[in-house]
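I opened this model to look up helix packing, salt bridges and a few single residues. My entries are below, in the order I made them.

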Amino acid sequence: MTHVADEVPLTLEGRPPKTLGVLDQGALWANLGVSLLGFSGAMFLVNPLGNAPLSLAAALVATVVGSLIGTAMVGLSAIPGTQTGQPSMVLLRGLFGARISYAPTVLNIVQMLGWGAFELWVIATGAGAIFPAVPYAVWVIVAGVLTTALSIWPLGSIRVLRRYVTIGVIIAMIWFAWFFLRAAPAQEGGSWTAFPAAVDYVIALSVSWVPMAADFARHSRSTGAAFTGVVGGYTLAQVACLGLGVYAVAIAGDADAVFGTFVAVPLGALFFAVLVLRETDQSFANVYSTTVSLQNLMPRVDRRVFSVAIGVLTVVIALIVDVTSYGAFLGVIGAVFVPMFAVLAVDYFLLGGARRWNTDEHAPSRWPMLVPWALGFVAYWLTTSTPTIAAWDGIWTSVRESIGFTRQVWMNGALGGALVAALVTLLIGLLTPRPAVRR
């Protein structure tokens, strides 16, 4: 048995159903665009460099520009999934070959496990703001059980999001916006000096979803539904989320106390509970993506077995590991995937890859494709202004000094890495013979 009716196949060998329309995809990505982390992270959006706060207009424009650029990357990475019916890590067989694809797959599994645990911590923290008497561990376990259930029935979960959860989230966001816009102090002063760094930060929020876009897009009825759902749903939601976060942080005066600001408004506990419950779609997306990534390594294992095992593991990590210190490390790993999917996009869309994409278990290795990926990774860290881990950032500061490279204020890590990776891929494609078209 490889199928559950109208659900994701149980093994990689099953044929994926094409049941998601533009409203399904839009609802999924709109919910992913609203994050509790986005509210508290608005402080970094407003003052990304720590010494040059943005004006309100600059922060909002950075949010729109960064969201559109980032979601365009995510949307493009979703299209091959729709056309081939394959999840993201399996698509890498066509880019690198089956065996080489195992390396980025393992990296993706590591980061998805970390983000899944991180989201359980966020949910438990948010729930604790509403019910402080309930122990943290209880909320982690409850969120983990719900996350696992959603991961076992992913397409059903997306349909529930579209029909019910999205409406509740919209009402909650409007409710909080009404009170925050009235209560927040006037947003005056600031400048546009740190605008590029703010755009870099917003792009980073968006492109973190690149490694999992095809996992859901493979079930879209059309490429238009997948691309429009990603760009439209996620952009609108992220702009609203970060914009609301700017005012929430202004009221709280401290990013660490921002959840209490939501709970303090009339009926705030009720509507904030809607947002906390919705946050499980973030943990669900991470656990489900880990599941289908593992299937690239073990394609005949029932995904439900993986879902349960990963669900338990993420709960354990959230309970025993200081996940807040893990966030910067996850950002380092996440930077791997921006240049990698730029390589995929150029090879797939511009160099005829769509006609010959080989996702077989024995797809031959394509070693030259590692070159643009590696150079794009280097370019990302040479040009980014987003701080991560002090030791890691120090390495790249030394590299810049040793090669005489000066990072300009307008430079952007995601765009720099993607551009270099794309140009080198294009050059390699033009200089080397192309594999024969697969029939």
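**Ground rules**

I am working from a predicted model, in which local features need pLDDT of at least 70 and side-chain atom pairs count only at pLDDT 80 or more, while totals for chains, interfaces and linings use all residues. Residues are numbered from 1 along each chain as its sequence is written, and side-chain values use heavy atoms, with hydrogens and water left out.

**Entry 1: helix α17**

I started with α17, residues 337-350. Helices here are DSSP runs (H or I, at least four residues), numbered from the N terminus. I checked the length of α17 against 1.5 Å a residue: its 14 residues should span 20 Å, and the end C-alpha atoms are 19 Å apart, which agrees. The expected span is 1.5 Å times one less than the number of residues.

Is α17 buried or exposed? I found 12 of its 14 residues buried, so the helix is largely enclosed by the rest of the structure. Buried means under 20% relative accessible area, exposed over 50%, and partly exposed in between (1.4 Å probe, protein chains only). Among the buried residues are Phe337, Met340, Phe341, Leu344, Asp347 and Tyr348. After α17 I noted glycine 352, with a positive phi near 80°.

**Entry 2: α17 against α20**

α17 and α20 (residues 413-431) pack at about 40°, with axes 8 Å apart. Axes are lines fitted to C-alpha atoms, for helices over the stretch in contact, and angles run from 0 to 180 degrees between N-to-C directions. I recorded the crossing of α17 and α20 as right-handed. The convention: left-handed if the near helix is turned anticlockwise from the far one by less than a right angle, right-handed if clockwise.

Which residues make the contact? From α17 I listed Val338, Pro339, Ala342, Val343, Val346 and Asp347. From α20 come Ala414, Gly417, Ala418, Ala421, Ala422, Thr425 and Leu426. Contact means heavy atoms within 4.5 Å. By class, I read 10 nonpolar, 2 polar and 1 charged residues. Here Ala, Val, Leu, Ile, Met, Phe, Trp, Tyr, Cys and Pro count as nonpolar, Asp, Glu, Lys and Arg as charged, and the others, Gly among them, as polar.

**Entry 3: α6 against α15**

Next I looked at α6 (residues 98-130) and α15, whose axes come within 8 Å and cross at roughly 60°. α6 passes α15 in a right-handed crossing. Leu113, Gly116, Ala117 and Leu120 of α6 meet Ile310, Leu313, Thr314, Val315, Ile317 and Ala318 of α15. I read the classes as 8 nonpolar, 2 polar and no charged.

**Entry 4: salt bridges**

How many salt bridges does the structure hold? I got 9. The criterion is a side-chain nitrogen of Lys or Arg within 4 Å of a carboxyl oxygen of Asp or Glu.

Glutamate 361 pairs with arginine 300, the closest N and O atoms being 2.6 Å apart. Glutamate 361 lies in the loop between α17 and α18 (370-383), and arginine 300 in the loop between α14 (280-297) and α15 (303-320), so the pair ties together parts 61 residues apart in sequence. Glutamate 361 is partly exposed, at 33% relative accessible area.

Arginine 304 meets aspartate 302 at 2.8 Å, N to O. Arginine 304 is partly exposed, at 34%. Aspartate 347 meets arginine 356 at 3.3 Å, N to O. Aspartate 347 and arginine 356 are both buried. I also logged that salt bridges with shared partners join Glu13, Arg300 and Glu361 into one network.

**Entry 5: helix α4 and what flanks it**

α4 (residues 56-84) has 29 residues and reaches 43 Å from first C-alpha to last, close to the 42 Å expected. Just after α4, glycine 85 takes a positive phi of about 75°. In the loop between α3 (42-46) and α4 I found asparagine 51. Asparagine 51 is exposed, at 63% relative accessible area. Its C-alpha is 8.9 Å from that of alanine 194, 143 residues apart along the chain.

**Entry 6: two single residues**

Serine 88 lies in α5 (residues 88-96). At 0% relative accessibility, serine 88 counts as buried. Leaving aside neighbours within four places in sequence, serine 88 contacts Val210, Pro211, Met212, Ala213, Ala214, Asp215 and Phe341.

Arginine 162 lies in α8 (residues 154-183). Arginine 162 is partly exposed, at 29%.

Notes. Helix = DSSP H or I, 4+ residues; strand = E, 2+ residues; numbered from the N terminus.
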